[in-house]
Amino acid sequence: MSWLMNLVSPIGTLPKPTGPYLVAVEVLHIEDANTPGILCKVWYPIDQGSLEEKQHHVAHYMQSEISESMQSLLKPLPGFVANHILSTKTNAYTAGVDQHPHTTKNNGYLKPSNNLDKYPLIMFSHGMYGLPENYTHICENLCSNGFIVISPYHTDGSCPLVIYPNGQRIELEYEKDKFIKEDGTADLFSYRSHQLSIRVQNIDNILEFLKKEREESLFFGKIDFDKVGICGHSFGGCTTVGSILKLQNKKLFKCACSMDGWMFPLATHADFSNSESEFIISTQPFRKEPIPLFFINSDLWQWKENLDEMNILVKLNSEEGYMYAMTDTQHHNYNDIALLMPKLAKWAKKIGTGDPFAHSAELDNLLNSYFSKYLCGAEVDLSKYKV
């Protein structure tokens, strides 16, 4: 079938990153004595000298073991599409351990760049039924501009498949049966809110672990924990807001960005005013020290109730709130499907009818400008997006 795919919709090329740094990528296992731990995809800046010191190759787009999980994201596209995407070339390098996750100990990885003593960090949260790999271009591009980017394979059942080094797996929606009501239907709000809690805990656990890293760690002394931002798409956008809400007392984040966020699990809607969810938002400000918050949305996927919730959130939470709708974009203009298979993605109405590479370039500029402003102190004018 591969020859047919190449004929109908040739594999696109991930755009070259715009920044001055080369990019390395690894899949790391954040160990935890009480749980299986958390797997993370990590992109980090490197120098040409890093490549000269170690054997390396261009990283695979994703591990072959989890390519099947792409089908959840690609429906209604044919089942052989995932294997087609595996032949995609990334713009990142690896020292050769990208096929299996490893610990964060520096076991032969490419060394991070020494251009700066420390680098700002962006935590990136994937969407429902998504994987960190689905956002390879966004993460590569941010990394090339001087950010370390860490994206967990969330353990809440929203990631199609998580495979640990010992072979243990977390399957899609593995806990949903716990939220079945007497009539046989799922209590979706309670379930999604429960998933949101797990996702936020993933983010918190990773940051706490990295802060305790020892000298043998790959990132020892290389992360500037005073310059941490968080970003995500869809359910990851909701996770972004949930994280700055629930973890506010820890003062972990300097800024946050939600891309086409799905706000349902946060329950700003009155229907769930009596719920026990810890994420229900009142009409009073819920952050003691607001931080910048940017909602970047598609104009063709969003709907009034969801946007109303964003407006509540951005006004209550942020001292500097921004919102922008990208023209002629659908929900999946924010991941690599728009770039790798533009014809099929348009046919399936996953993306808008415009040029996905132009949309991607606009998004790259928005994200880099925003995080450069609030994590690096760059002089950037975002006033036209101000709420």
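The exercises below concern salt bridges in a predicted model.

**Exercise 1.** Classify R199 and D156 as buried or exposed, and state where each residue of this salt bridge lies.

Solution. 
- Step 1: The side chains of R199 and D156 form a salt bridge with an N to O distance of 3.2 Å.
- Step 2: R199 belongs to helix α6 (residues 188-211), while D156 sits in the loop between β6 (148-152) and β7 (161-163); the two are 43 residues apart, so the pair links distant parts of the chain.
- Step 3: Buried means under 20% relative accessible area. R199 has 0% relative accessibility and therefore counts as buried. D156, also at 0%, is buried.

**Exercise 2.** Which parts of the chain does the salt bridge between D204 and K250 tie together?

Solution. 
- Step 1: The N to O distance between the side chains of D204 and K250 is 2.7 Å.
- Step 2: D204 is in helix α6 and K250 is in the loop between α7 (235-246) and β10 (255-259), so the bridge ties together parts 46 residues apart in sequence.
- Step 3: D204 is buried because its relative accessibility is 6%, under the 20% cut-off. K250, at 40%, counts as partly exposed.

Terms used
Residues numbered from 1 in each chain as written. Predicted model: local features only at pLDDT ≥ 70, side-chain atom pairs only at ≥ 80, totals over all residues. Heavy atoms only, no water. Salt bridge = Lys/Arg side-chain N within 4 Å of Asp/Glu carboxyl O. Helix = DSSP H or I, 4+ residues; strand = E, 2+ residues; numbered from the N terminus. Buried < 20%, exposed > 50% of the residue type's maximum accessible area, 1.4 Å probe, protein only.
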